[in-house]
Amino acid sequence: MLILDLSLSDDGDKSKFDIVYYEYRERMFFAAFDIVKNKEDAEDAVHNAFIGIVNNMNSIDDPFSKRTLSYVIKAAKNAAINIYNKNNKIETVEYNDDINISDNDFFDSIINKQKLDETVDAISNLTDTYKLPLYYYFVCDMKIKDIATLLGLSTSAVKVRIHRGKKELLRIVGGDSDD
């Protein structure tokens, strides 16, 4: 962010950019992740979106407006679509007849992928209080102390939010939340 911040010549643009960056980066990440489905590509998409935003800071009047929110989310989604398209170009893959995968393993892999996608969708329906800790913990595989640092919370607060978030998630997907 520092390099992007330094590329702005006007102090007003720098302060606007700082507000936009800290206010919307997590929402932009989730919007990008919904498209690319992995953490690294989502982070790259958000970075690319911020490069575009820096180049068009004059189009942002009020950094807290709904128009600005819409603009930055669209920028993140467009950057994510570009990365997705780049990553999913059709490549020729040689067929190796020596690779054997049982039908059970094949279906287990598909079912696990579907369950992960359903879980991520369910997490995205939670409030930010539970969504962010659960997402970082289960999807991004972050450690609790890192999540606490990122969210500006204590480790015990993150543990409580993950516990309560799991209960809420089970309620949403129709499971038993008494565990």
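This note sets out numbered points on the predicted model shown above.

1. Basis of the model. Residues are numbered from 1 along each chain as its sequence is written. Because the model is predicted, local features need pLDDT of at least 70 and side-chain atom pairs count only at pLDDT 80 or more, while totals for chains, interfaces and linings use all residues; side-chain values use heavy atoms, with hydrogens and water left out.

2. Overall architecture. The protein has eight helices and zero strands, and its elements run α-α-α-α-α-α-α-α from the N terminus on. Helices (H or I, at least four residues) and strands (E, at least two) are DSSP runs, numbered from the N terminus. Of the 179 residues in the protein, 30% are buried. Buried means under 20% relative accessible area, exposed over 50%, and partly exposed in between, with a 1.4 Å probe and protein chains only.

3. Aromatic pairs. Six aromatic pairs are counted; rings of Phe, Tyr and Trp (its six-membered ring) pair if their centres lie within 6.5 Å, with planes under 30 degrees apart called stacked, over 60 edge-to-face and the rest tilted. The pair of tyrosine 21 and tyrosine 22 is edge-to-face, because the ring centres are 5.0 Å apart and the planes stand at 90°. Tyrosine 21 also forms a tilted pair with phenylalanine 50, at 5.0 Å centre to centre and 50° between the planes. Since tyrosine 21 lies in helix 2 (residues 11-36) and phenylalanine 50 in helix 3 (residues 39-55), this pair ties together parts that are 29 residues apart in sequence. Both tyrosine 21 and phenylalanine 50 are buried. One aromatic cluster is formed by Phe17, Tyr21, Tyr22 and Phe50.

4. In one of them, glutamate 43 meets lysine 39 at 3.9 Å, N to O. Both residues lie in helix 3, four residues apart, about one turn of the helix. Glutamate 43 counts as partly exposed at 38% relative accessibility, and lysine 39 counts as partly exposed at 28%.

5. Arginine 171 and glutamate 168 meet through their side chains at 2.4 Å, N to O. They are three residues apart in helix 8, so about one helical turn separates them. An α-helix has 3.6 residues a turn, so residues three or four places apart point the same way. Arginine 171 is exposed, with a relative accessible area of 52%, whereas glutamate 168 is partly exposed at 25%.

6. Geometry and faces of helix 8. The 19 residues of helix 8 (residues 155-173) should span 27 Å at 1.5 Å a residue, and the end C-alpha atoms are 27 Å apart, which agrees; the expected span is 1.5 Å times one less than the number of residues. Its buried residues are Val158, Ile162, Gly165 and Leu169. These cover an arc of only 70° around the axis and therefore lie on the same side of helix 8; the arc is that of the directions from the helix axis to the C-beta atoms. The face turned away from the buried side carries the exposed residues Lys159 and Arg171.

7. Leu170, Ile172 and Val173 make a nonpolar surface patch of about 220 Å². Patches consist of residues with over 30% relative accessible area and no salt bridge, like charges being joined within 9 Å and nonpolar side chains (Val, Leu, Ile, Met, Phe, Trp, Tyr) within 5 Å; accessible areas come from the Shrake-Rupley method with a 1.4 Å probe, and for residues only the protein chains shown count as cover. Isoleucine 172 lies in helix 8 and counts as partly exposed at 35% relative accessibility. Just after helix 8, glycine 174 takes a positive phi of about 90°.

Note on methods:
A salt bridge is a side-chain nitrogen of Lys or Arg within 4 Å of a carboxyl oxygen of Asp or Glu.
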